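Dear colleague,

Please find the structure below, followed by a summary of what was found in it.

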Amino acid sequence: MEFPSPKSDDLLTFEGVTLDYGQFRALNDIHFAIGASTIHAIVGEHGAGKSSLAMILNGLVKPQSGFIRFDRREYRALTVELSFQAGIRTVHQHALSLHEHFSVAENLFLTSGRFFERLSWRYKIYQRAQAFLRDYAVDIAPSILVKELNLSDRILVDMLKQISSRPKLLILDEALEKLSSVSLKKAVNMLVRLKEAGMAVLLITHRIDDIYELADMVSVMKNGEILV
């Protein structure tokens, strides 16, 4: 079977990627591309292989064959560091990147312990976080501890944390499913805005209702293969 050559404007391309977990084949000869300024959804049942794609892009697992082309660079495999440097960020369904004993503001912008040395620096990140939250119409207090938030609000904060560094690709790994109806509307508005600003968004989901009016393109996965 022949696959089309990657387009010059494709941000991400999988070429013949195969991934095995021991004797189990999780991904089988995956060919897939996503362009900048695009919201692309991958839909499939649990165990279809969707999250394995995200793990490869995050540098958590290495494929047995094939290669990945991202932002005009070719990789046999990504590492966590390479993925981060390339501008790939992921929001998981349990908001795994957040520190629950830190405040929302600290989670959004704290990159060094130096912020704790002076109260003036801490005040500055609270101001910055308040403006950032307001800009995306997220009415969560920057001073509240993450452990006091429900899961829906945690995911919104995690989304904001990941986009604060202006990545090229944002991956939502089953994250939309955990949002309340109110938060989902805010997330959708956020994603549309990011797309218009040039960011690519990869939605991984098993619920097509969440992406029916949002995704520009939809791919269906089953048994480690992309069917459509």
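Strand β3 (residues 39-43) pairs with strand β8 (residues 200-205) in the parallel sense over 5 bridges; strands are DSSP runs of E of at least two residues, helices are runs of H or I of at least four, both numbered from the N terminus, and two strands pair if DSSP finds at least two bridges between them. Within this pairing, Val43 stands opposite Thr205 in β8.

This is a predicted model, in which local features need pLDDT of at least 70 and side-chain atom pairs count only at pLDDT 80 or more, while totals for chains, interfaces and linings use all residues. Residues are numbered from 1 along each chain as its sequence is written, and side-chain values use heavy atoms, with hydrogens and water left out.

The open sheet has 6 strands in the order β6-β7-β8-β3-β9-β10, with mixed pairing. β6 and β10 (225-226) are at the edges with a single partner strand each, so one side of each has no neighbour in the sheet.

Ala95 belongs to the loop between β6 (88-92) and α3 (104-109). Its relative accessibility is 6%, so Ala95 counts as buried (under 20% relative accessible area, with exposed over 50% and partly exposed in between; 1.4 Å probe, protein chains only). Beyond neighbours within four places in sequence, Ala95 is in contact (heavy atoms within 4.5 Å) with Arg154, Ile155 and Asp158. The C-alpha atoms of Ala95 and Asp158 are 5.9 Å apart, although 63 residues separate them along the chain.

Yours sincerely
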